[in-house]
Amino acid sequence: MIVELGHYALVLALILALAGGTLPFWGALRGDERLMTIASTTSIAQFVFVAMSFGALTYAYVVSDFSVQNVVENSHTLKPLLYKISGVWGNHEGSMLLWALILVLFGGLVALFSDNLPLKLKALVLAVQSWISAAFLLFILVASNPFLRLNPAPFQGRDLNPVLQDVGLAIHPPLLYLGYVGCSISFAFAIAALIDGRIDAAWARWVRPWTLAAWCFLTLGIAMGSYWAYYELGWGGWWFWDPVENASFMPWLAATALLHSAIVMEKREALKIWTILLAILTFSLSLLGTFLVRSGVLTSVHAFATDPTRGIFILCILCVFIGGAFSLFAARAGTLSQGGLFAPISREGALVLNNLLLTAACATVLVGTLYPLALEAITGEKISVGAPFFDMTFGPMMVPLLIAVPFGPMLAWKRGDIVAAGQRLLFAFGAAMAVMIVGLALMGTPSALALFGVALAVWLMVGALSEIAFRIKLGRASLAESWRRGAGLPRSAWGTMVAHFGVGVTVLGVIGATAWQSETIASLKPGQSMTIDGRTLTMDGFVPISGGTFTGTGVRFSVREGGNLVAVLEPEKRIYTVQNMPTTESAIKTFGFSQLYVSVGDIAADGSTVVRVYWKTLVALIWLGSLIMTAGGVLSLSDRRLRVGAPKPARRSLAIPAE
Amino acid sequence: MTRKQRRLTLISLAGIVLASAVGLVLFALSDGITFFTSPSDVLANRPSPEQRVRLGGLVEVGSVVKEADGLVRFAVTDGKSSLQARYVGIVPDLFREGQGVVAEGKVDANGVFIADTVLAKHDETYMPKEVVEALKQSGEWRPEDGAAPQAGNP
C-alpha cells in the first residue's frame, strides 16, 4: 500500500511539475501576478510529493518488501540498515529518484528563500526548474519505475552489488547529486534571464549563492568519490580519468569558472553574456554526465543496467534542454545589454584568464571523454583515452592557471598594477624558489618536474596567505590593528583565501602521491616480512571475519618502524555469499599526511598470499585540500552581502574597496 | 588603452589559450591514446613493442598460473586465437578462468602480452563491452543462443 502511495505521489509530482512549468510561465509572459505566484506553491508541493515517493521506496527497502522488484534486485534481509537505506540509490531506478528529489529540493528552496527576487524572475526560474523536473519525473515513471511489483514475491532478495556495500554509497551519491543537480538553479536563472531579456548585477548576486552551494557539494562529492575509489578498489589510485569521473569533473570546472565570472558580473556588470553561457554550459555538462553515466554507453561501476530505451530517453532530455537553451541563447543573447570593457591587467582581467583556462581545460576533458565514443560511432575503431592523454592536455592548461591564481586577488578592479602585485607576492615567490632549490640540492635533477609542482603548491599556499597578510597589514601595523582589519574583512575575502589555499594543498597532495609513491609486491606466508620505505610489514596470520551478507578472512599485519610497532593493519578478502562474489578490502594507516596502503590477493592453500603495499606520500592532502576548498566556499557563502537581501544591490557593491 | 585595443587584447588572449588547448589535444590524441585489440588482431598484426594496447577477451580455462611474488601468467582468448599474457600484481577479484577480462599493456618481442593493468568485470551480470565486441568479431558471440560463451564456471 505504501509503495502504491509512493508511486501515486510521483505521478502527482509530475502533474504538479507540468502545471508549475506552464501556468507561471504563461503568467510571466502576460504579466498575470496570480498565475506567477502559483510557481512557489507548485515547487514546494513537488518537493513534498517526490519526498513522499522517495520515503515510500526507502520504507520498502527498510522493511525488505520483496514484492517490489527493485528491492528484490538490490537488497537482502541480512544487509545492515545503513546499506538498506543507501541501497535505495545504489541502483539505476533509485538513483534517478534521488536525482529528481534533489532537483525538486532546489526548486523548493528557491521558492522558500527567494523573497527578494522580483516576482516575474522567480516565476520564470521556478517554471524552468519545473520543466526539468517534469522531464525527469516522466523518465522515471515511463522508463525506470522503481515501484514495479513482482508477483509472486520471492522470500529473499539478491543483495546489493558488494562493491557498493560501503559507507561511501551513503555519502558520495547524495553529495555529488546536490552539486550536479544544484547547477540546475543557475541554469534556470540563466534561461529566465534570457526569456525576461533583462540581466544586471543583481541577477549575479542572486545566482551566486546557489552556484556556490552547488559547487561546495560538487567539490565534496567528487573528493568523496575519489577517496572511496581509492580505498575500495584496492589499486591505490585516487583518480583514473575514467569517463564517469570526468562526467562529474567537467561540471565542476565549468561551475568554478561560473563562480568567478559571476563575481565580475556582480561587481562590475561585465561579462554578462559569458556568465549566462557558462551557467547554461555547467548544467549541460551535468546533464551530459547523467547521460554518460546512466545510459549505459559507458561501462563502469556506475552503469547499473544497460537498457537502450533509457539511454535514448535521457539523450532526448539532453537534446531538448541543451539544444533549447543554446537556441534561446543564440536568439536572445544579442538583445541583452552588453557589459563594460576593462583593462587587461585588472581583477576582471585575471578572472577572464581564469575563465579562459578553466573552460579550455574543461574542453580538453570533454574531448578526451567523448572522442572514443565519437570515433567508435564513426569509424568503428575502439580506443581508450586514459591518463597519458589528460596528463598531456589538462596538466599544461592548469599550470598557467595555478601560477596566475595568487595574482588575481592582489589586482585592483578596473586597473591593476601588476608590478605592485608582484612585489606583494615576492615572499611567496621566494618561498617557492627556496623549496625548489633545496629540493634540487637534496634530490637532484630527476625530481625537477615534481619539485616544480611542489614549488607551485607552495606558491599557491603562501600566495593565498600573503594576500590576507597584505590586506590586514600584517607586520606593517600593530597586531591589534591587523586583528581589527582582519575582523573587518568581508567573509568572502577570507573565503577566497581559504579556497585558494586549499587548491595549493590539493596540488601538493597530487604531486606527492604521483611522484614519490612507492609500491612493493611480495608473496608472503605467515611469519614472513617485507619492507617498504623504511617500514617492515610482518604477516602475523589470518583472522576469520563475518558480517552482514559476507564472510571472509582478515590478514593481519604488524608494521614496525625501527623495531617499534607503529600499526596493525588488517586487509580483508570477503565473499558476499548471496551473489557469491569476492571482494578485497584494503587497509590504510595514515602517517602524518602520507598513507600506508595494503591490499591482499587470494590466499593459497599453503597460506601464501600476494601482498601489495603502497607508500602514498602526502596523499591525504588531496582530500584535505578539497575539504579546505569547500570550507572556503562555505565561508564565502556566509558573507553578509549574500545573506542580507539588499533592495538595490546593483550599484552599492562598488562601495566595497577593491583592496 | 582604447576600447578597441582592450577588446583586441581579450580576443588574442582567448585565441592563444584556445590554440594551445587545440594543439595539446591534437598532440595528445596522436600519442596518448590506447587502441583496443583482440588476441586475433595481435597475432595477425603485432603492435610494436612500444605501443600500448588494450586487449580484451576471455581468460582461457586452465591457463592461469600464479607464481611467487605476484606474477600471474594467463592466456586471453577470443575463441579463435589465444595470447599469452603476464601480469605482476593482484588480479581483480572477479578475474577468473572463462570470464571476460580487459588488460592494458604492451606486446613484448616474444609476442607475450605484458599487462600493467588488468580489469575484470565488477559484477556478475556485466561483461566488458570491449570483450563482447572482440567475441562478436571472432564469431564466438551468438546473442541468439542466449548468453555469452562462458568457457568454464560462470
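**Where chain A meets chain B**

In this predicted model, 50 residues of chain A are in contact (heavy atoms within 4.5 Å) with 42 residues of chain B. Local features need pLDDT of at least 70, and side-chain atom pairs count only at pLDDT 80 or more, while totals for chains, interfaces and linings use all residues. Residues are numbered from 1 along each chain as its sequence is written.

Colleague: How much area do chain A and chain B bury between them?
Modeller: Buried area is the accessible area (1.4 Å probe) that two parts lose on being put together, summed over both. Carbon and sulfur atoms hold 68% of it here. The value is about 3,900 Å².

Colleague: Which residues in chain A lose the most area to chain B?
Modeller: Three residues together make up 17% of what that side buries. They are Leu341(A), Lys382(A) and Met392(A).

Colleague: Which side chains meet in a salt bridge?
Modeller: A salt bridge puts a side-chain nitrogen of Lys or Arg within 4 Å of a carboxyl oxygen of Asp or Glu. The count between chain A and chain B is 1. At 3.1 Å, N to O, the partners are Lys66(B) and Asp602(A).

Colleague: Which residue stands opposite Val385(A)?
Modeller: Strands are DSSP runs of at least two residues, numbered from the N terminus. Two strands pair if DSSP finds at least two bridges between them. E1(A) and E1(B), residues 33–37 of chain B, run antiparallel and are joined by 3 bridges. Within E1(B), the residue opposite Val385(A) is Ile33(B).

Methods. Chains lettered and ligands numbered in written order. Heavy atoms only, no water. Helix = DSSP H or I, 4+ residues; strand = E, 2+ residues; numbered from the N terminus.
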